Amino acid sequence: APAPPPGALHPSVGSEAHAFGACRRCCFFPRGRCATGYECKFCHYDHEKRKRRTKKSKPAKTNAADASWVGEASAAVVR
């Protein structure tokens, strides 16, 4: 990966907005796999670890016959 040029203020081009919180982190840099180096459009500074998303359980599907029955019942109430 290309090294930063002498006198560079940041480890990558994308790291310039880090102080303002407007950067997007490079997912390859922490593991040493960013092949773009200084020209990378993503931030090479340390960021907080991302929280894992919890899997949401899917709601139970209603049976088509049950749904039509509910529709008929609600129509009878509206009349």
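Cys34 counts as buried, at 12% relative accessibility; buried denotes under 20% relative accessible area, exposed over 50% and partly exposed in between, with a 1.4 Å probe and protein chains only. The model is predicted: local features need pLDDT of at least 70, side-chain atom pairs count only at pLDDT 80 or more, and totals for chains, interfaces and linings use all residues. Residues are numbered from 1 along each chain as its sequence is written, and side-chain values use heavy atoms, with hydrogens and water left out.

**Cysteines**
- The count of disulfides (pairs of cysteine sulfur atoms within 2.5 Å) comes to zero.
- The closest cysteine sulfur to that of Cys34 belongs to Cys26 and lies 3.8 Å away, too far for a bond.
- Cys43 is likewise in no disulfide, the nearest cysteine sulfur being that of Cys23 at 3.7 Å.
- Cys43 is buried, with a relative accessible area of 1%.

**Ala1**
- Ala1 is found in the segment before α1 (64-78).
- At 76% relative accessibility, Ala1 is exposed.
- Leaving aside residues up to four places away in sequence, Ala1 touches Cys34, Ala35 and Gly37; contact means heavy atoms within 4.5 Å.
- Ala1 and Ala35 are 34 residues apart in sequence, with a C-alpha to C-alpha distance of 4.9 Å.

**Whole chain**
- Of the 79 residues in the protein chain, 14% are buried.
- Among contacts with a separation of 6 or more, 66% join residues 24 or more positions apart.

Note on methods
Helices (H or I, at least four residues) and strands (E, at least two) are DSSP runs, numbered from the N terminus.
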